[in-house]
Amino acid sequence: MSDAHGLTVQLAKFAAALRSHSIRVGLGDELDAGIALTLVDLLDRQEVHRALRIAFKVPHEAWATFDKLFEEYWGGTVAPQSPVPRPVPFQDHRGPVQWKWDGQRVRIAVAEVEVADAASPAYSAEPLLRQKPFEELSAAELAAMERLAARLALRLATRRSRRLIPARGRGMVDLRRSFRDALATQGELLALARRTRELDEPRLVLLYDTSGSMDVYTRVLLAFALALRRVIKRVEIFAFNTALTRITRLVAPAKISQTLERLAAGVPDWSGGTRIGSCLAQFVDGYLSAMVDHATTVVIVSDGLDLGDAQLLTRCMQALRSRAGRIIWLNPLMGDPRYQPTAAGMSAALPYVDHLAPAHNLESLEGLLRFVK
Amino acid sequence: MNEDIRAMQALMERHGYIADPAVATALYLAKEMRKPLLVEGEAGVGKTEIAKVLARALATELIRLQCYEGLDTNTALYEWNYQRQLLRLKIAEREAHDPAELEDLIFGREYLLERPLLKAITRRDAPPVLLIDEIDRADDGFEAFLLEVLSDFQVTIPELGTIRAQHVPIVVLTSNRTRELGDALRRRCLYLYMEHPSLEKELRILRLKVPDLSEHLAQAIARFVQRMRSRDLRKLPGVAETIDWARALVRLRQDRLEADIVSATLGCLLKDEHDIRKTGEEAVAEMVAYASGSQQ
């Protein structure tokens with residue numbers, strides 16, 4: 001590290017290591033780091049550590065990784081100034097109940113009394129389902145789905161931003177434009193230009209339960225997701241069962257059957273069990289701050305049949321609530337009139353949900369429009 | 001430690017800001033590398049204060065841009081002084097002008113109202129400190145616009161032409177992370193994340209900010225607040241809250257922590273109804289015992 005060249009090489013290696021640990025570092029950051037090193041006392045390891053962290057723009061979440069790599073690449077030991085962020089402990093929240101859809105009916109393995117009770121309405125509700133496989137949906141039905149999605153998108157977009165855009169007719173007077181226009185008429189103000197508040201483009205985050213108990217609905221609901229994706233630009237789609245998977249890119253508006261194949265291949269444990277709490281925790285930790293804001297509607301599609309940690313679910317719903325503009329929970333089980341949202345997961349989440357709506361077929365999705373004003 | 005960083009630290013302290021080495025290093029690098037400094041961290045850890053004190057310490061002007069949703073170029077960059085323009089037009093009516101001449105007349109520098117960003121790049125004497133506060137509150141469209149200003153330090157006004165910075169200002173941006181900032185903006189800046197202060201640092205801040213506080217009480221307060229931060233709360237008390245609380249206790253002529261007074265003044269520390277309810281008498285008593293114990 002004595003000569004400048006050695007230092008540069010070391011810096012490049014270090015940057016590569018950061019990148020390989022998914023800390024995003026660009027060439028510009030390397031240059032910044034290089035300049036920063038010329039400005040600090042190279043014999044003071046603490047100072048080099050601080051300077052590199054500042055110049056590489058390491059976000060707080062990545063400090064632990066950064067500290068570890070720093071130690072590895074810059075020798076000696078560094079005492080982190082802050083307590084290392086505690087890793088989220090991974091817990092298996094899979095309950096004693098396992099659902100399996102074998103093509104004709106749902107199989108339940110090991111059920112406890114209360115569980116069987118909470119779940120029973122789902123599987124007597126068969127006539128309510130539009131059970132047609134998704135590939136067989138007629139063109140007319142698909143078109144209906146898209147019209148519905150478009151209407152929903154419009155409803156979601158009624159929030160006005162505080163940003164002002166030029167408008168005809170009413171709105172605040174835009175003096176600047178008025179003056180520009182007036183110059184053409186020798187400074188005579190003939191008409192006033194106006195501005196009004198812009199319509200906020202809706203943002204949507206869809207969280208899909210793809211566990212076995214949801215299998216029969218997944219196709220219809222994915223069609224809905226596809227339709228939404230076509231009309232709203234900013235849609236993020238996640239699938240969750242025992243783990244969370246971001247499937248936005250997989251759900252491309254291409255051939256639908258291909259999409260389903262891609263999904264089945266891309267999502268681990270498709271049709272497996274559910275751990276809503278831990279999956280939502282993954283979402284909250286990894287994506288919440290980047291994807292959810294006050295203009296975002298979060299749609300959770302799940303039957304809430306989860307025997308995991310209800311407390312964890314509550315905490316996650318709190319976190320969601322504090323950021324999201326609106327939370328909609330679509331529950332296919334609600335198609336049955338006898339259904340009560342009493343399943344442990346559902347009742348834990350209920351206080352934080354704006355709208356709880358059925359989602360077992362196209363008609364019920366249309367009903368959603370009434371909720372979203 | 002580098003002498004210049006140590007000097008920066010001392011300078012900040014002389015002007016009433018206890019800067020730990022990380023803050024001093026960041027400020028020094030930002031100043032030397034002429035890059036904006038993005039400061040993130042919990043509310044109340046003293047992010048905004050950095051810029052204010054820096055301006056005082058460097059004896060230069062502080063120009064502040066408070067961000068909010070819907071902030072636009074009219075409020076951030078410049079605006080024409082319409083009233084004056086209108087008056088001028090009225091006067092011009094009596095003379096004969098062609099439109100081009102008229103335009104030159106009313107779109108001159110003297111009809112321009114400088115807003116913070118433009119102000120920051122037109123200072124003649126010395127580089128000012130530009131504080132862009134709570135950038136996360138502005139929308140992403142504004143963020144993109146800001147990026148342009150911060151990279152070139154020049155502003156183009158269609159009617160006037162391009163105005164280049166006389167001195168590149170020292171820019172400090174703060175964010176409470178209510179929204180994730182774009183990567184591009186982060187890359188353009190140096191990045192400092194501020195955490196809640198250590199016990200030792202908080203004590204020094206208390207001594208500096210609330211001089212009439214007895215050493216004994218200062219220790220108890222600092223220990224109490226540190227303990228409070230280890231609890232599972234929605235909103236942890238920041239340094240600003242600690243100082244408020246210390247001042248309240250001084251006003252109430254307390255010289256040691258007592259559970260009932262602490263409960264009564266809890267509102268200085270906790271700003272969330274849920275958190276206050278959660279911190280019951282027992283918890284307060286435990287924290288008071290912890291704070292006043294073992295300090296002999």
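Across all chains of the predicted model, 15 aromatic pairs are found. One of these is formed by A:Phe14 and A:Phe66, whose ring centres lie 5.5 Å apart. The planes of A:Phe14 and A:Phe66 meet at 70°, and the pair is therefore edge-to-face, the cut-off for this class being over 60 degrees. A:Phe14 belongs to helix 1 (residues 4-20) of chain A, whereas A:Phe66 belongs to helix 4 (residues 63-73) of chain A, so the contact ties together parts that are 52 residues apart in sequence. A:Phe14 is buried, its relative accessible area being 0%. A:Phe66 is likewise buried, with a relative accessibility of 0%.

A:Phe66 also pairs with A:Phe70, with a distance of 6.3 Å between the ring centres. Because the planes of A:Phe66 and A:Phe70 are at 20°, this pair is classed as stacked; stacking requires an angle under 30 degrees. Both A:Phe66 and A:Phe70 are located in helix 4 of chain A, where they are separated by 4 residues, about one turn of the helix. A:Phe70 is buried as well, at 1% relative accessibility. Through ring pairs, A:Phe14, A:Phe66 and A:Phe70 are part of a cluster that also includes A:Phe56, A:Tyr73 and A:Trp74.

Arginine side chains are also placed over aromatic rings. In chain A, A:Arg53 lies over the face of A:Trp63, 3.5 Å from the ring centre. In chain B, the charged end of B:Arg227 is positioned over the ring of B:Tyr290, at 4.2 Å from its centre.

How values were computed: Residues numbered from 1 in each chain as written. Chains lettered and ligands numbered in written order. Predicted model: local features only at pLDDT ≥ 70, side-chain atom pairs only at ≥ 80, totals over all residues. Heavy atoms only, no water. Phe/Tyr/Trp six-rings, centres within 6.5 Å; stacked < 30°, edge-to-face > 60°. Helix = DSSP H or I, 4+ residues; strand = E, 2+ residues; numbered from the N terminus. Buried < 20%, exposed > 50% of the residue type's maximum accessible area, 1.4 Å probe, protein only. Lys NZ or Arg CZ within 6 Å of the ring centre and 35° of its normal.
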